[in-house]
Amino acid sequence: MDRVVAACGRAERRQRLLPARLVVYFVLALALFSPAPYLEVMRHLVEGLRGSGLLGNWRVPAKSSLFRARQRLGSEPLRVLFATTAKPMATEATPGAFWRGLRLLAVDGTCWDVADSETNETAFGRPGSGRGSGRSAFPQVRMAALVEIGSHAVLDAELAGCRTGEVTLVGRLPRSTSPGQLVLADREFLGVPLWQAFTATGADLLWRVPANRVLPVTKQFRDGSWLSHIRASSGPARKEPVVIRVLAYRLKDRAGEGETDGYRLVTSLLDARRYPARQLAALYRERWEIESVFAEIKTHQRGARVVLSSKTPDGIHQQIWAHLLVHHALRELMLRTAATRGLDPDRVILHRNPALCPAQRDRHAGQIFP
């Protein structure tokens, strides 16, 4: 943290009541104790030092001082700290983290409601609504994330206004993929430029296909899958088809009395013997783990229907990066906890009891449900 603060030019030239290191911890604590007030969060943060007699003459500053300290710090140190620390955590011994030697990842997007200020609306935009004035109640930030399925750790993220599409943001995430990984994604992301951006890093892909996509058969395999190709709609890549493997299947309904509509997946794993179609179809359900990750961050950690409070775009970015950092730290703790009990990390959940005060909520954050 000290190296990041110094690299971002936030180190102090004179002694302050709120040095940059403390402000970073304070911003992280705001995410951990969300949505508790500023002064209550700061008191929780330093209470251990006071109880140990290490606080000396230091006192909790006024709320206005905490506002100014956050502004001085800005969002860059939190963003750089996340980029530095957000690494894959699962091992091959972690249940559900690997399949046939490939680390399982997923990409998708979500939106954050942010404070209704003029600067936030100008920077991020406000999505449309079918009610009233035709606009939503709050401006929104769109976030695309790359998640390690086995640990629920967010490995990379991109932020932009709600007018920026998810495909555009996901297109910046291949920087964090590499060989030995299998990236799962939903149907809206299938396109040659994005596909090639990920496969160029050495990662393999398993993505759902839109229902209207035509995928001709060029070679049929015994397991029912077939080789096909996709082309870019424009540009030089239009003349260079990308070879893919297609698998089609149906799911039984919950009562087991019938079948649902058909699904189609495409993958860069072309070897039908090494990567059987039936196993790939069963594996695809793991993509939904990323929805659980978004729920952990936005519902259980931030709080349901809580709007990010900063009135400025930089403050909003600071809050989001803090939430991602805190979530990554919590998931690391949960992964270690699950390992000591021989459990799948999915069995360790972020649980919030609204009847508890923020400090008690934190103590009960990681609970194991058998």
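Predicted model: local features only at pLDDT ≥ 70, side-chain atom pairs only at ≥ 80, totals over all residues.
## Serine 117

The loop runs between strand E2 (102–113) and helix H6 (118–124). Serine 117 counts as buried because its relative accessibility is 12%, and the cut-off for buried is under 20%.

The side chain of serine 117 also makes a polar contact. One of its polar atoms lies 3.2 Å from the backbone nitrogen of asparagine 120.

## The chain as a whole

The chain has 370 residues, and 48% of them are buried. Its secondary structure comprises twelve helices and twelve strands.

## Helices H2 and H3

Helix H2 covers residues 20–32, and helix H3 covers residues 38–51. The two pack with their axes 10 Å apart. The angle between them is about 115 degrees, so H2 and H3 are roughly perpendicular to each other. Their crossing is right-handed.

Which residues meet where H2 packs on H3? From H2 come Leu22, Tyr25, Phe26, Ala29 and Leu30. From H3 come Tyr38, Val41, Met42 and Leu45.

## Helices H10 and H11

Helix H10 spans residues 289–301, and helix H11 spans residues 313–341. Their axes are 11 Å apart, and the packing angle is about 110 degrees. H10 and H11 are therefore roughly perpendicular to each other. This crossing is right-handed.

On the H10 side, the residues in contact are Val293, Glu296, Ile297 and Gln301. They meet His323, Leu324, Val326, His327, Leu330 and Arg331 of H11.

## Histidine 328

H11 also holds histidine 328. Is histidine 328 buried or exposed? It counts as buried, because its relative accessibility is 7%.

The side chain of histidine 328 reaches the backbone oxygen of lysine 87 at 3.4 Å.

## The buried side of H8

Helix H8 runs over residues 192–199. Its buried residues are Val192, Leu194, Trp195 and Phe198. They lie on the same side of H8, because they cover an arc of only 165 degrees around the axis.

Helix geometry gives the background. An α-helix has 3.6 residues a turn, so residues three or four places apart point the same way.

## Valine 246

Valine 246 belongs to strand E9 (residues 242–252). Its relative accessible area is 0%, so valine 246 is buried.

What does valine 246 touch, leaving out residues up to four places away in sequence? The residues are Leu215, Ser225, Trp226, Ser228, Leu265 and Val266. Valine 217 is 29 residues from valine 246 along the chain. The C-alpha atoms of these two valines are separated by 8.8 Å.

Key: Residues numbered from 1 in each chain as written. Heavy atoms only, no water. Helix = DSSP H or I, 4+ residues; strand = E, 2+ residues; numbered from the N terminus. Buried < 20%, exposed > 50% of the residue type's maximum accessible area, 1.4 Å probe, protein only. Polar contact = N/O pair within 3.5 Å; in protein donor to acceptor, adjacent residues only side chain to side chain. Arc of directions from axis to C-beta. Axes fitted to C-alpha atoms, helices over the stretch in contact; angles between N-to-C directions. Parallel < 35°, antiparallel > 145°, perpendicular 65-115°, else oblique. Left-handed = near helix turned anticlockwise from the far one by under 90°. Contact = heavy atoms within 4.5 Å.
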